[in-house]
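Please keep the sequence and the model in view while reading.

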Amino acid sequence: QAQLVESGGGLVQAGGSLRLSCAASGSITSVNVMGWYRQAPGKERELIAIITGGGRTNYADSVKGRFTISRDNAKNAVYLQMNSLKPEDTGVYYCNADLRTRFSSDLMNYWGNGTLVTVSS
(Lines give C-alpha, C1' and ligand atoms only; values in the text may rest on other atoms or scores of the structure.)
Protein backbone atom coordinates (compact mmCIF):
# COMPACT_ATOMS: atom_id res chain seq x y z
CA GLN A 1 0.00 0.00 0.00
CA ALA A 2 2.88 2.36 0.80
CA GLN A 3 6.64 2.18 1.01
CA LEU A 4 9.32 4.37 2.52
CA VAL A 5 12.76 4.31 0.92
CA GLU A 6 15.76 5.99 2.52
CA SER A 7 18.97 7.09 0.81
CA GLY A 8 22.05 9.14 1.59
CA GLY A 9 23.81 7.09 4.23
CA GLY A 10 27.50 6.31 4.10
CA LEU A 11 30.88 6.70 5.74
CA VAL A 12 31.98 10.15 6.89
CA GLN A 13 34.70 11.51 9.14
CA ALA A 14 33.88 13.18 12.42
CA GLY A 15 32.94 16.80 11.85
CA GLY A 16 31.55 16.05 8.41
CA SER A 17 28.03 16.24 7.02
CA LEU A 18 25.51 13.96 5.39
CA ARG A 19 22.01 14.46 4.08
CA LEU A 20 19.50 11.66 4.32
CA SER A 21 16.42 11.48 2.14
CA CYS A 22 13.26 9.43 2.44
CA ALA A 23 10.51 9.20 -0.13
CA ALA A 24 7.09 7.74 0.52
CA SER A 25 5.41 6.08 -2.44
CA GLY A 26 2.33 4.02 -3.16
CA SER A 27 -1.36 4.75 -3.03
CA ILE A 28 -0.92 7.61 -0.55
CA THR A 29 -3.70 10.08 0.07
CA SER A 30 -2.20 12.05 2.95
CA VAL A 31 0.93 12.11 5.08
CA ASN A 32 0.91 13.27 8.68
CA VAL A 33 3.97 13.22 10.92
CA MET A 34 7.28 12.10 9.40
CA GLY A 35 10.43 11.38 11.32
CA TRP A 36 13.84 9.86 11.61
CA TYR A 37 14.96 7.27 14.13
CA ARG A 38 18.38 5.84 14.79
CA GLN A 39 19.53 2.46 16.05
CA ALA A 40 23.12 2.37 17.18
CA PRO A 41 24.97 -0.95 17.50
CA GLY A 42 23.76 -2.79 20.59
CA LYS A 43 21.18 -0.15 21.44
CA GLU A 44 17.46 0.33 21.04
CA ARG A 45 15.99 2.43 18.28
CA GLU A 46 15.61 6.06 19.35
CA LEU A 47 13.80 9.09 18.02
CA ILE A 48 16.07 11.64 16.37
CA ALA A 49 13.69 14.16 14.82
CA ILE A 50 10.08 14.54 13.75
CA ILE A 51 8.21 17.04 11.62
CA THR A 52 4.48 17.62 11.29
CA GLY A 53 2.65 18.33 8.09
CA GLY A 54 2.64 21.99 9.08
CA GLY A 55 6.38 22.04 9.59
CA ARG A 56 6.66 21.91 13.38
CA THR A 57 9.78 20.06 14.44
CA ASN A 58 11.14 18.32 17.49
CA TYR A 59 14.64 16.93 18.06
CA ALA A 60 16.43 14.63 20.43
CA ASP A 61 18.69 16.61 22.75
CA SER A 62 21.73 14.79 21.39
CA VAL A 63 21.29 16.27 17.89
CA LYS A 64 19.85 19.72 18.59
CA GLY A 65 21.80 22.40 16.79
CA ARG A 66 23.51 19.88 14.51
CA PHE A 67 20.68 18.12 12.64
CA THR A 68 17.84 19.69 10.68
CA ILE A 69 14.72 17.87 9.54
CA SER A 70 12.67 19.17 6.63
CA ARG A 71 10.02 17.86 4.27
CA ASP A 72 8.58 18.37 0.82
CA ASN A 73 4.87 17.72 1.06
CA ALA A 74 4.44 17.72 -2.72
CA LYS A 75 6.92 14.84 -2.97
CA ASN A 76 5.90 13.04 0.24
CA ALA A 77 9.55 13.27 1.22
CA VAL A 78 11.46 13.99 4.39
CA TYR A 79 15.09 14.92 4.77
CA LEU A 80 17.66 14.98 7.55
CA GLN A 81 20.64 17.30 7.21
CA MET A 82 23.33 16.13 9.61
CA ASN A 83 26.23 18.45 10.38
CA SER A 84 29.13 18.25 12.82
CA LEU A 85 28.77 14.49 12.90
CA LYS A 86 30.23 12.57 15.81
CA PRO A 87 31.22 8.90 16.09
CA GLU A 88 28.27 8.41 18.45
CA ASP A 89 25.94 9.34 15.58
CA THR A 90 26.84 6.03 13.95
CA GLY A 91 23.89 3.76 13.38
CA VAL A 92 21.12 2.71 11.06
CA TYR A 93 18.77 5.59 10.36
CA TYR A 94 15.14 4.75 9.75
CA CYS A 95 12.46 6.88 8.16
CA ASN A 96 9.00 6.75 9.73
CA ALA A 97 5.69 8.19 8.65
CA ASP A 98 2.04 8.23 9.63
CA LEU A 99 0.00 8.22 6.46
CA ARG A 100 -3.25 7.24 4.81
CA THR A 101 -3.70 5.32 1.60
CA ARG A 102 -6.64 4.99 -0.74
CA PHE A 103 -7.28 1.55 0.76
CA SER A 104 -8.12 2.86 4.22
CA SER A 105 -9.01 6.12 5.90
CA ASP A 106 -7.14 4.99 9.02
CA LEU A 107 -3.80 6.58 9.80
CA MET A 108 -1.15 3.85 9.51
CA ASN A 109 2.48 3.89 10.60
CA TYR A 110 5.18 2.87 8.16
CA TRP A 111 8.92 2.26 8.43
CA GLY A 112 11.67 2.29 5.86
CA ASN A 113 14.36 -0.39 5.75
CA GLY A 114 17.03 1.95 7.05
CA THR A 115 20.26 3.44 5.80
CA LEU A 116 23.60 3.01 7.54
CA VAL A 117 25.57 6.02 8.70
CA THR A 118 29.10 5.44 9.95
CA VAL A 119 31.10 8.28 11.47
CA SER A 120 34.80 7.60 11.88
CA SER A 121 36.92 9.34 14.49
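## Aromatic pairs

There are two aromatic pairs, counted where ring centres of Phe, Tyr and Trp (its six-membered ring) lie within 6.5 Å, with planes under 30 degrees apart called stacked, over 60 edge-to-face and the rest tilted. Tyr37 and Trp111 meet edge-to-face, 4.8 Å centre to centre with 65° between the planes; because Tyr37 lies in strand S4 and Trp111 in strand S10 (residues 104-111), this pair ties together parts 74 residues apart in sequence. Strands are DSSP runs (E, at least two residues), numbered from the N terminus.

Tyr94 and Trp111 are also edge-to-face, at 6.4 Å and 85°, and ring pairs link Tyr37, Tyr94 and Trp111 into a cluster. The charged end of Arg45 sits over the ring of Tyr94, 3.7 Å from its centre (CZ of Arg or NZ of Lys within 6 Å of the ring centre and within 35 degrees of the ring normal).

## Basis of the model

The model is predicted, so local features need pLDDT of at least 70 and side-chain atom pairs pLDDT 80 or more, while totals for chains, interfaces and linings use all residues. Residues are numbered from 1 along each chain as its sequence is written, and side-chain values use heavy atoms, leaving out hydrogens and water.

## An open sheet

Four strands form an open antiparallel sheet in the order S1-S3-S8-S7, where pairing requires at least two DSSP bridges between two strands. S1 and S7 stand at the edges with a single partner strand each, so one side of each has no neighbour in the sheet. Six bridges join S3 to S8, and Leu18 has Met82 in S8 as its bridge partner.
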